[in-house]
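Hello,

Here is the structure I said I would pass on. My notes follow below it.

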There are 2 protein chains.
Amino acid sequence: MKVILIGSGNVATHIGLALKDAGVLVTQVWSKQYDHAQALATLVSADAIENLNKLDQTADFCIIAIKDDAILSMAKELTTFKGIIVHTSGAVDLTVFEGFEKYGVFYPLQTFSIAKEIDFSTVPICIEANTGVVLTCIEELAKKLSRYVVEIGSDKRKILHLAAVFACNFTNHLYAISADLLSSHGLDFNLIRPLILETAEKVQLTSPKNVQTGPAVRNDERTMKKHEELLLEQPQLINIYQILSESIKKTKK
Amino acid sequence: MKVILIGSGNVATHIGLALKDAGVLVTQVWSKQYDHAQALATLVSADAIENLNKLDQTADFCIIAIKDDAILSMAKELTTFKGIIVHTSGAVDLTVFEGFEKYGVFYPLQTFSIAKEIDFSTVPICIEANTGVVLTCIEELAKKLSRYVVEIGSDKRKILHLAAVFACNFTNHLYAISADLLSSHGLDFNLIRPLILETAEKVQLTSPKNVQTGPAVRNDERTMKKHEELLLEQPQLINIYQILSESIKKTKK
C-alpha cells in the first residue's frame, strides 16, 4: 500500500507518523511550502515533491490534509490521479471530489498538535466513500491506524464536526479564560489543571448531564451574582457567564 | 489528630475517605439527614451524630463541607467548639467564622463525584486561617492529604472559584451540548470522548491559548456560517456558538 500526503500541518504530520508506525509506505509529501514538505518527508521516510506533476500515479491513496477551503482547488489539480483520493476534513462534503473515479473521506476525530504525540489507535476515524469497494479500501487503511473506524456520511460528519467545536475548541477557550482570570490575579494555572483533567475524565464513563456541578445547576443565585460582580470590568465574560449559566439551568434534570 | 465532619455530600465523602487513608481519625459525622451521616460514618469508621450537642469537644478540627449558603447558620450552631473550625467552600469568605477563636478555610479545588474515586494527593488544597498558628495546623492536616497545599486569601480564592466555574462547570456543559447534538442525530458520544480527554491533556503542559484550534481562531467564516445553519432550530446554541467564537477571535494571538 502506497500513500501520498498532501499537506504538512498537524493532521498531515500525525497521519504520516501513524502510517509509518503501521508499516504503510508514505511515498511522497507535497506542501505549499516546499521546506515543510521536506521536513515531514524526512520524518516519514518519503520524498518531498515540489511540483504536483511529479505525483506518483501508482500510489493507492492520496490523502489531502490541508485547510478546508483549499480542498476543492487542490482536487482540481489532482484530476489525473487514478488511486483513491480522500480528504481529512470534518466539514467538507464528499461531493468536493465529484468527477474522480474513486474518492472518499478519512476524518480522524481528534485535536492534533505538532508538539504532542498521540496514540492514534484510540482516534476515531470517520470514513465515507463514493462506492462500496472504495469504502472497503479506505476502511482497510483506517483500521491499520485505529481501533475505532466508523462509516459516517457527510451530513452526519458535519454534525460531528460541530459537536467537536463545542467539546474541544470552545472548551479550550474556557480554559484560556480561566487561565487569564488566574494570571490577572497572580494565581497559578496549575491550581486548575487537575480540575480540568478530572472534568474530562469524568465524562469518559458517564453522560455529562449526570455530573453537572456548579452554582447554575444548583440555582445558587447568590454565588452567581457574586461571580458577575467579580467580572464587572469584563462585560464580555459576564455575557459568557450568564448565557452558559442560563443554558445549564434550562437543561437541569 | 481528631476530625469531625459536618456534611455527607461529595466533598465531605472524599475528604473523609482521604483522611481515613492518611491515617487521620475521623471521630464524628453529622449531616442534615441522619441516614446519610450514618452511611458516611460507616465508610470512614466514625460515629454518626444526630444532635450537634453531642459534638466531640476534644476534636482538633471541625470540617464543614455543606452548601455555601448554609455555612453561616451552621457556624452559629457550633460556637461552643474549641478546636479549629474550617469550611471547604471556594466562594465563602473566611469572616463567616468571626467570633470563633481558631478558624480557617480548607478548600480542595477539584470536582468530586460520589461514584468516582480520586487521587487526593493531586488535589490542590487552598488554605487560609485567622492566625499564623492556626494556618500551620491546617497546613499540617492538608499536607497529609495532598502534595499541593497553598495559602490563598478569601479574595483570591473567590477568583479561583470563578475560574473553576469556567474551566469545569461550563466546560462540562459544553460536553453536554455536544452529547445532545450527537444523540439527536443518532451519533455515539464515544466518537467525541477521546477528543475531550486530549483537549484537557493538552493544556496540562502548555497554555490553552497556545493550542487553540477550530474555525474561530482561523477566522474561517464559511465554516462558522455553516455551523450556524446547522443550529438554526436551536437559537440558544447559536447564541453560545457566536459569543464563544467572537471571544476566541478577540483573544487571537
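Helix α5 (residues 154–183) of chain A lies across β5, β6 and β7 (125–129) of chain A, and runs at about 20° to β6(A). Helices (H or I, at least four residues) and strands (E, at least two) are DSSP runs, numbered from the N terminus. Axes are lines fitted to C-alpha atoms, for helices over the stretch in contact, with angles from 0 to 180 degrees between N-to-C directions; contact means heavy atoms within 4.5 Å.

This is a predicted model, in which local features need pLDDT of at least 70 and side-chain atom pairs count only at pLDDT 80 or more, while totals for chains, interfaces and linings use all residues. Residues are numbered from 1 along each chain as its sequence is written, chains are lettered from A and ligands numbered from 1 in the order in which they are written, and side-chain values use heavy atoms, with hydrogens and water left out.

Sheet of chain A. Eight strands form an open sheet with mixed pairing, in the order β3-β2-β1-β4-β5-β6-β7-β8; two strands pair if DSSP finds at least two bridges between them. Its edge strands, each pairing on one side only, are β3 (47–49) and β8 (149–151). Ignoring direction, neighbouring strands are turned by 25° against each other on average. Strands β4 (residues 61–64) and β5 (residues 84–87) of chain A pair in the parallel sense over four bridges, and Cys62(A) stands opposite Ile85(A) in β5(A). Helix α1 (residues 10–21) of chain A lies across β1 (2–6), β2 (25–30), β4 and β6 (103–108), at about 165° to β1(A).

Cores. A nonpolar core is a set of buried Ala, Val, Leu, Ile, Met, Phe, Trp, Tyr and Cys residues joined through side-chain atoms within 4.5 Å; buried means under 20% relative accessible area, exposed over 50%, partly exposed in between (1.4 Å probe, protein chains only). Of the 124 residues in the largest core, Ile192(A) and Ile192(B) touch the most other members. Beyond four places in sequence, the contacts of Ile192(B) include Leu109(A), Leu160(A) and Leu182(B). Apart from that core lies another, of 35 residues, among them Val24(A) and Leu135(A).

In chain B, Val24(B) is in the loop between α1 and β2 and is buried, at 6%.

Regards
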